[in-house]
Every structure is written in C-alpha cells, then in structure tokens.
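Subject: Structure handover

Hello,

Here is the structure you are taking over. My notes come after it.

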Amino acid sequence: MRTVEGKVVVLGSQGVGKTSMIVRYVGKMFNHHINPTIGASFFTCKVNLEEARVKLQVWDTAGQERFRSMAPMYYRSANAALLVFDLTQYNTFTAIKTWVNELRRNIEGPMVLVLVGNKSDLENQRKVDPEEGRKYAVNIGATYYETSALQNEGIEQVFLAIAIGLAKLSSGSRDLMTSLRVYDSVSSGLSSPDMPLSPSSEESTTDKSIAFAIQERPPACC
Ligand SMILES: Nc1nc2c(ncn2[C@@H]2O[C@H](COP(=O)(O)OP(=O)(O)OP(=O)(O)O)[C@@H](O)[C@H]2O)c(=O)[nH]1
Ligand SMILES: [Mg+2]
C-alpha cells in the first residue's frame, strides 16, 4: 500500500473556526471555550483511501494580525492549504483573496487548495452566498465546502478532499512532485510504528490522532 505524507497549512482570519474544525475532526469534539491560537499548533491525522494511506501534518496558524508575519514559515513547505472563512463575516471571505495572492506569489510548486466557509449553523446570519464561494473556488482551482464545526457538518469531507488531492498530486508526473513523501510501506519496509499494518487499522477509513499540539511563541522582538 502506498503511503503519502503531506503538510497542510490552515489559513484564515481570527475567529473563523480553524482550530475548532481541526479539533472536531481529530478530537471528535467541539470545545466552546477554545483559546485563540498563539503562533501555531500542530496535529497529525491519517486518512485511508482505497489507493493510498495519507498522513497529514496539519499546521493550524493563528489568525490574529500580530502573528501574520509567521505564516510564510508554515505555508512555504506546505503541500495543501485549507483556506477557512466565516460565512457570517464577509470580510473574512475577502481576506482569503489576500491569502491566495500571497500563496501565488510565494509558492511555485503545485498545492492542493480547499476553500471552506465555516459556521453554516448560523444560516440566518449568512453574509457569503454559497454561489459566490463556489465560483471563487473554481477560479482558484480549489474545492469548496461549507461546514459547521459546532454541528459536525462537512468536516469529514474537507479532510477527505485534502487527502484525495494529495494522493492525486503524488501520482502526478515527477516534475510536479513537491516535498510530498511517498513510499510503499510494505515493500520498502518503511512502515512506521505510528502506522501499524494491523487488520484493525486497515479496517478504519480514518485514523485521527493528536500527535502533539504545540503553541509556538513568535520570535522575540528586539
Ligand atoms: N456557531 C459556530 N461557532 C463556531 C464554529 N466554529 C467555531 N466557532 C466559534 O468561533 C470562535 C473561534 O473559533 P476558533 O476555532 O478559535 O477560531 P480560529 O480560527 O482558530 O481563531 P484563531 O486561532 O484566533 O485564528 C469560537 O468561539 C468557536 O466556538 C461553528 O461551526 N459554528
Ligand atoms: Mg485557532
């Protein structure tokens, strides 16, 4: 079985629900008292597809303006970007366009893009039309999802889309191969302890684990 390891950066304005989405997916819960992310947090999870196992290293960035300058550290080596906005705050959708322009300016290789409008449970406060989100996603070559981390809607699909995108990227031409790690875990003997080949792990479609969550402090100002 082919194993693909890729880095995912999660970008978006403060408070759009980036961490809540990841915690919902990885931890299967919603924390009503989540703190704003400081610097960045790191999570890992695995998605088993028919054609490959995909191991995601997810970098959850901080949306607060004071951490903006740290973002390049995370997106430069990323194979996929999860671009999250809040469906009830139009300015957070506009902010995505700034992120996309920045990625275009700084990233040369191919990147899987997934655009997400979160907080779909707040339908009566919606400010971004689904059609507008969809159109913009097509424009930038992304897939579009609307989610509710609170009500656990659409979250699985988002991570599945990333995994499928990375698996496709890894089977593209060599010229397109980026920093993705691809190996055959059986024949190369590269199976790692955290990815056991036991029948139980094969049975599940997704295996999510919080490897560790770190809170990185920004470099001290001089
Ligand atoms: N109604 C609703 N609230 C949500 C949802 N997801 C997150 N929230 C709330 O939005 C607020 C911000 O959530 P976070 O996950 O911390 O947002 P973030 O994007 O990680 O924010 P930063 O780390 O500061 O960039 C919290 O009060 C969450 O409870 C959702 O799907 N629906
Ligand atoms: Mg956060």
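Residues are numbered from 1 along each chain as its sequence is written, and chains are lettered from A and ligands numbered from 1 in the order in which they are written. This is a predicted model: local features need pLDDT of at least 70, side-chain atom pairs count only at pLDDT 80 or more, and totals for chains, interfaces and linings use all residues.

Overall. The chain has 6 helices and 8 strands, where helices (H or I, at least four residues) and strands (E, at least two) are DSSP runs numbered from the N terminus. Their order from the N terminus is β-α-β-β-α-β-α-β-α-β-α-β-α-β. Of the 222 residues in the chain, 41% are buried. A residue is buried if 20 or more other C-beta atoms lie within 10 Å of its own, exposed if 12 or fewer, and partly exposed in between, with C-beta atoms placed from the backbone. Among contacts between residues at least 6 apart in sequence, 75% join residues at least 24 apart; a contact requires C-beta atoms, placed from the backbone, within 7 Å.

Ligand 1. The shell around ligand 1 has 22 residues, of which G17, S20, P36, T37 and G63 come nearest; a residue is near if its C-beta atom, placed from the backbone, lies within 6 Å. Helix α1 (residues 18-27) gives the most to this shell, with 3 residues.

Backbone. Most residues other than glycine have a negative phi. K119 has a positive phi of about 75° and lies in the loop between β5 (112-118) and α4 (130-140). K119 is buried, with 25 other C-beta atoms within 10 Å. N152, in the loop between β6 (143-147) and α5 (155-170), has a positive phi of about 55°. N152 is partly exposed, with 15 C-beta neighbours inside 10 Å.

Regards

Technical notes. Contact = placed C-beta atoms within 7 Å.
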